[in-house]
Amino acid sequence: MRAVVHSSIAEIPKDAWDRMLPGEPEGWVYYKAAEDVGLQSFKLGALSVEENGRIIAAAPIFQVQYRIDTPLQGRLRKARQWIFEHAPRLVNLPVIGLGSPMADNCTLALAPELGQEEQCAALEAMLAKLRELAHEFKSTLIAVKSIDSRADALAPAFAAQGFTRTTSVPLVMLDLPFKSYEEYLASLPAKTRGYLKRKARAEAKVRMEYRNSIDGLEHDVFALFQSTLAHSKVDYGEFEQLTPEYFPRMLAALGDTAQFALCWHEDKLVGFQLSLVGSKRIVTKYMGMRYPEARELNLYFVNWLKMIDFAINKGIRTIDMGSTTYATKLLFGGHVSRRWLYFRFTNSIANALLSPLAPLLDYERNDPEMKALEKDRANHAETEVSR
């Protein structure tokens, strides 16, 4: 097996990528569009693994100056900002990573005919090449961003290359094995079903419009995106930032893969959602809302219920609802799906000394919403036991 570095995903044949990940919404076209749009702080590229002249694995890669204190949220955000302002070199490190800053999932394409040992060998070839690149570009840290449930099966490859594991930002996944929207609603607890139906009444005040272009609305859409970021309880720095060109250029590149929903109240744009539609799942990418109108119109609920109805009608069985607002998303019947961050320092001595500190930078442990969710679960368990 031989790992190959690519300055662009365009150097990997699209049909080779699609063979490994058929019907995947975050696929070759999406990552090529992401490169074309560009992010000011990131340098993007790709890795592939060849065996006997045939591509058997591929993934996007990135380089960035990363603040290792990013997982610290809530009350610790002020402390981390103070440290950054007074000693930026302690926390702001050059990083090379496997994955994409424009995806919550690490898209790791592996040939379907590979067995588990061969998959591990292909990944290990990628990780070894990343270590070479890290030395070449003088990167302090090497990371693999947001590996899903495949992490356990691929653990031998990470161990062989000296990587340490901690949690990344978890996602909420909603499974939809239903024949109709009514069947979906019937599957929910009666109290939750009644609550969502009351929220859905606001739909009469909202006009949903689906477009392939936002010509003339670029400024308004980006303003809604920034407004929503400002209302977030967490701050993940450069990994949340987009450029104003992102939305119009993505729509132009992705065609029918992208679904862009505009939400209107009378003649005012009050919200939007960009989703990627694949054959097996929908990935919700970005949402923007105007406040306080969004709360008054229950726009968050109206938007998700429309998406669920759309997915069921299309026979799509899974919606990736993304991160944040976990408690609310769970009301729709979703479940928290863990993601894992693997990392190692380029310097072997630093890696041995600093890797044990990984729990301090665990995303789940530091996320205020996840902590509140765990507290609620613990309280509920105590209540059940006391009964």
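Start with the largest cavity, which has a volume of about 60 Å³. A cavity here is a set of points, on a 1 Å grid over the protein atoms alone, where a 1.4 Å probe fits but cannot get out. Grid points are joined across faces, edges and corners, and a volume is the space filled by probe spheres set on the points. This is a predicted model, in which local features need pLDDT of at least 70 and side-chain atom pairs count only at pLDDT 80 or more, while totals for chains, interfaces and linings use all residues. Residues are numbered from 1 along each chain as its sequence is written, and side-chain values use heavy atoms, with hydrogens and water left out.

**Stop 1: the largest cavity**

Select Ile 9, Tyr 31, Ala 34, Glu 35, Leu 44, Gly 45, Pro 60, Ile 61, Gly 99 and Ser 100, which line the largest cavity; a lining residue has an atom within 4 Å of a point. Colour helix H2 (28–37), strand S2 (43–51) and strand S3 (54–67), each of which supplies at least two residues of this lining. Helices (H or I, at least four residues) and strands (E, at least two) are DSSP runs, numbered from the N terminus. H2 gives the largest share of the lining, 3 residues. By class, the lining of the largest cavity holds 6 nonpolar, 3 polar and 1 charged residues. In this scheme Ala, Val, Leu, Ile, Met, Phe, Trp, Tyr, Cys and Pro count as nonpolar, Asp, Glu, Lys and Arg as charged, and the others, Gly among them, as polar.

**Stop 2: the second largest cavity**

How many cavities of 30 Å³ or more are there? The count comes to 2. The second largest cavity has a volume of about 40 Å³. Select Met 208, Tyr 210, Gln 259, Ala 261, Gln 273, Asn 303, Lys 306, Met 307 and Phe 310 to show its lining. Strand S9 (207–211), strand S10 (258–265) and helix H12 (299–314) are the elements that give two or more residues to this lining. The largest share, 4 residues, comes from H12. The lining of the second largest cavity has 5 nonpolar, 3 polar and 1 charged residues.

**Stop 3: the second largest pocket**

A pocket is an open set of points with protein on both sides within 12 Å along at least five of seven lines. The second largest pocket holds about 470 Å³ of space. It is lined by 18 residues, and those closest to its centre are Leu 21, Glu 24, Asp 148, Arg 150 and Arg 281. The lining of this pocket divides into 7 nonpolar, 5 polar and 6 charged residues.

**Stop 4**

Go to Leu 297, in the loop between helix H11 (293–296) and H12. Is Leu 297 buried or exposed? Leu 297 counts as buried because its relative accessibility is 5%; buried means under 20% relative accessible area, exposed over 50%, partly exposed in between (1.4 Å probe, protein chains only). Show Ala 202, Lys 205, Val 206, His 265, Val 270 and Val 302, which Leu 297 contacts when its neighbours within four places in sequence are left aside. Contact means heavy atoms within 4.5 Å. His 265 lies 32 residues from Leu 297 along the chain, with 8.6 Å between the C-alpha atoms.

Asn 298 is in the loop between H11 and H12 as well. Its phi is near 50°, a positive value in a residue other than glycine. Asn 298 is buried, with a relative accessible area of 18%.

**Stop 5: two further backbone features**

Most residues other than glycine have a negative phi, and most peptide bonds are trans. Select Tyr 291 and Pro 292: the peptide bond from one to the other is cis, with omega near 5°. Pro 292 is in the loop between strand S12 (281–289) and H11. Then move to Ser 146 in strand S6 (residues 141–147). Phi of Ser 146 is near 65°, a positive value, and Ser 146 is buried at 4% relative accessible area.

**Stop 6: the nonpolar core**

A nonpolar core is a set of buried Ala, Val, Leu, Ile, Met, Phe, Trp, Tyr and Cys residues joined through side-chain atoms within 4.5 Å. The largest one has 124 residues, of which Tyr 184, Tyr 246, Phe 247, Ile 308, Ile 319 and Phe 332 touch the most other members. Centre on Ile 308, which touches Leu 174, Leu 176, Tyr 181, Tyr 184, Ile 319 and Phe 332, not counting residues up to four places away in sequence.

**Stop 7**

Finish at residues 381–386, where pLDDT (the predictor's confidence in each residue, from 0 to 100) stays under 50. The model has 0 contacts beyond four places in sequence for residues 381–386. The protein averages a pLDDT of 89, and 90% of the residues score at least 70.
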